[in-house]
Amino acid sequence: MGARAPEREAEMELEKMRSLSDEELVHQEKTTSEQLFRLRFQVSLGQNDGVKKLRQLRKEIAQIKTVARERELSIRGAALDAAPAAEGKKGAR
């Protein structure tokens, strides 16, 4: 059971990301990228041994980019929800 807790946490975080607006998603990506840059700099100077945190930040950036790309392709999110509503309006005319 303990092994599944990180999976649930990741799923919940992904749901939170999907609920963000496009602007908030861009801001989150910039913030996370800055954190990753700073951490890489600290690791290169030997000030920090944050391998686990590096992995976590890279994964978070990948998830953010995935959510943004899904929206761009209208796979998930508001664009997908709006499509059936638009089709319903066309048929009503």
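Tutor: Let's start with helix α2, whose buried residues are L25, T32, L36 and L39. Buried means under 20% relative accessible area, exposed means over 50%, and partly exposed is in between (1.4 Å probe, protein chains only). Helices (H or I, at least four residues) and strands (E, at least two) are DSSP runs, numbered from the N terminus.

Student: Before we go on, what sort of model is this?
Tutor: This is a predicted model, where local features need pLDDT of at least 70, side-chain atom pairs count only at pLDDT 80 or more, and totals for chains, interfaces and linings use all residues. Residues are numbered from 1 along each chain as its sequence is written, and side-chain values use heavy atoms, with hydrogens and water left out.

Student: OK, back to α2. How many residues does α2 have, and how far does α2 reach?
Tutor: Helix α2 has 24 residues and reaches 35 Å from its first C-alpha to its last, close to the 34 Å expected at 1.5 Å a residue. That expected span is 1.5 Å times one less than the number of residues.

Student: What comes just after α2?
Tutor: G46, which takes a positive phi of about 80 degrees just after α2.

Student: Which residue other than glycine has a positive phi?
Tutor: S74 has one, with phi near 60 degrees. Most residues other than glycine have a negative phi. S74 is in the loop between α3 and α4 (78–92), and S74 is partly exposed at 35% relative accessible area.

Student: New topic: how many salt bridges are there?
Tutor: A search of the whole structure finds four. A salt bridge here is a side-chain nitrogen of Lys or Arg within 4 Å of a carboxyl oxygen of Asp or Glu.

Student: What does R18 pair with?
Tutor: R18 forms a salt bridge with E70, and their closest N and O atoms are 3.2 Å apart. That pair links distant parts of the chain, since R18 is in helix α1 (residues 5–19) and E70 is in helix α3 (residues 51–72), 52 residues apart.

Student: Is E70 buried or exposed?
Tutor: E70 is buried, with a relative accessible area of 13%. R18 counts as partly exposed, at 24%. There's also a network of salt bridges that links E15, R18 and E70.

Student: And what about R71 and D22, how far apart are they, N to O?
Tutor: Their side chains meet in a salt bridge at 2.8 Å, N to O. R71 lies in helix α3 and D22 in helix α2 (residues 22–45), so this pair ties together parts that are 49 residues apart in sequence. R71 counts as buried at 18% relative accessibility, while D22 counts as partly exposed at 45%.

Student: Where do R69 and E72 lie?
Tutor: Both lie in helix α3, three residues apart, about one turn of the helix. R69 and E72 form a salt bridge, with their closest N and O atoms 2.5 Å apart. An α-helix has 3.6 residues a turn, so residues three or four places apart point the same way. E72 is exposed at 57% relative accessible area, and R69 counts as partly exposed at 43%.

Student: Where are F37 and F41 in α2 relative to each other?
Tutor: They're four residues apart in helix α2, separated by about one helical turn. F37 counts as exposed, at 58% relative accessibility.
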